[in-house]
Amino acid sequence: MCDTCGCQTTKPSHQDSKLLEINKSLLAANDSVARKNRKHFGEMGARAINLISSPGAGKTTLLEKTAELLSGEFTFAVIEGDIETERDAQRIRAKGIPAVQITTGGACHLDATLVHKGIHLLEKELGKGSPRLIFIENVGNLVCPAAFDLGEHKRVVMVSVPEGSDKPAKYPRAFMGSDLFVITKMDLLPYFDFSIDEAIRCARAINPGISVLTLSAKTGEGMEGWMDFLKSESMNQDEDEDEDVA
Amino acid sequence: MHELSLVQGLFSQVKELAFQHQARKVIRIVVKIGPFSGVVMDSFTFAFEVLKEDEELLRHAHLEIIRPGARLCCNLCEREVDAEKEDLDFKGDMLPGQLFSKEKRCPHCGKGSLYPSGGDEILLMQIEME
């Protein structure tokens, strides 16, 4: 048995072994595709927004409401990520918004390669025109999607009132990397013990710079803040965040 | 559950390097996983042990995980704090959510609150092969 690591080799140690120092992220391959995606979005003249939440927090409903409230300030399209079915893309298309569906077939998150496929599908769907904003609606999951850069410009994390205000404390990684925290289903606040203060305090303990919006896509409460955020994003076209990419 | 994807990414990097260096087998793989990376160590180890059986090259590989301590930063004085040294009730295997469920005051200025400084790294550090 080897003295070095206890493996079952017949030699006393790995004398003829070679040690390589690497220091490279396990996500290096994903991150490199993500940088290409970001560049691709930029060339389309669009800003990409990655929406992350648990299943049922209201990502698709928020996008449907966004489509209803649009009055020519900006245009958008959606890359839908789900484990199975075309349902979300159909819901978005029914509102007159271009949408493509990526199904992961079981995987719990989108990765940059899947989104790259989504971009090409979307380009086919769009023809020549290009929207100012492209939403990537991630697979409903507050854990795994957080680790994967998809090439988005902004990351939005959502929690709905019925889920409870302890979500930022319980799923910190999703809040660490996000630019905006949206609390949805505010119309249900009277029926749940959800503390807005606790949710914001915990989110900011993890990420002091995170912006917060509270809204209800059902009643329209707070939607103007969301639409303002999107409007200002849609005008934010020239910022090149990937200058280090050759 | 994304630990499986992470190990797949790890193995494709390791296989490429082993091929470049004409190695016959990989003996040891050292990774560094930060306290705020969101990686569940047991799931990562489990995925490693399951997936390595599919690869002749990796079948004898031993996994070593380096887990650096949590570093926090004060939002007011911007000084860094070593969570374990400053005894902020932080234990090495504590989930970040537990760390942030109670508000922590900065031990330097006593006023600011603390937030994570880095610690989300998931890195391949070393490979030993022959």
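Reader: What percentage of the 246 residues of chain A count as buried?
Author: A residue is buried here if 20 or more other C-beta atoms, placed from the backbone, lie within 10 Å of its own, exposed if 12 or fewer do, and partly exposed in between. This is a predicted model, in which local features need pLDDT of at least 70 and side-chain atom pairs pLDDT 80 or more, while totals for chains, interfaces and linings use all residues. Residues are numbered from 1 along each chain as its sequence is written, and chains are lettered from A and ligands numbered from 1 in the order in which they are written. Of the 246 residues of chain A, the share that counts as buried is 45%.

Reader: How many helices and strands are there in chain A?
Author: Helices (H or I, at least four residues) and strands (E, at least two) are DSSP runs, numbered from the N terminus. By that count, chain A holds eight helices and eight strands.

Reader: What is the average twist from one strand to the next in the open sheet of seven strands in chain A?
Author: This sheet has the order β4-β3-β5-β2-β6-β7-β8 with parallel pairing, where two strands pair if DSSP finds at least two bridges between them. Its edge strands, each pairing on one side only, are β4 (99-103) and β8 (211-214) of chain A. From one strand to the next, the twist averages 20°.

Reader: Which residue in β4(A) is the bridge partner of A:Gly81?
Author: Strand β3 (residues 76-82) of chain A and β4(A) run parallel and are joined by five bridges. Across in β4(A), the bridge partner of A:Gly81 is A:Ile102.

Reader: Is A:Leu63 buried or exposed?
Author: A:Leu63 has its place in helix α2 (residues 59-69) of chain A. Leaving out residues up to four places away in sequence, A:Leu63 touches A:Val78, A:Ile92, A:Phe135 and A:Glu137, a contact being two C-beta atoms, placed from the backbone, within 7 Å. A:Glu137 is 74 residues away along the chain, with its C-alpha atom 9.3 Å from that of A:Leu63. Because A:Leu63 has 23 C-beta neighbours inside 10 Å, it counts as buried.

Reader: How wide an arc do the buried residues of helix α7 of chain A cover around the axis?
Author: In α7 (residues 196-206) of chain A, the buried residues are A:Ala199, A:Cys202, A:Ala203, A:Ala205 and A:Ile206. They lie on the same side of α7(A), because the arc that they cover around the axis is only 160°. That arc is taken from the directions from the helix axis to the C-beta atoms, and its value is 160°.

Reader: Which element supplies the largest share of the side of chain A that touches chain B?
Author: Across the interface, 34 residues of chain A are in contact with 36 residues of chain B. On the side of chain A, at least two residues each come from β1, α1 (28-43), α5 (167-170), α6 (172-176) and α7. The largest share, eight residues, comes from β1(A).

Reader: Which strands are the edge strands of the open sheet of four strands?
Author: This sheet has mixed pairing and the order β1(A)-β6(B)-β1(B)-β2(B). Each edge strand pairs on one side only, and the two are β1 (18-25) of chain A and β2 (62-66) of chain B.

Key
Axes fitted to C-alpha atoms, helices over the stretch in contact; angles between N-to-C directions.
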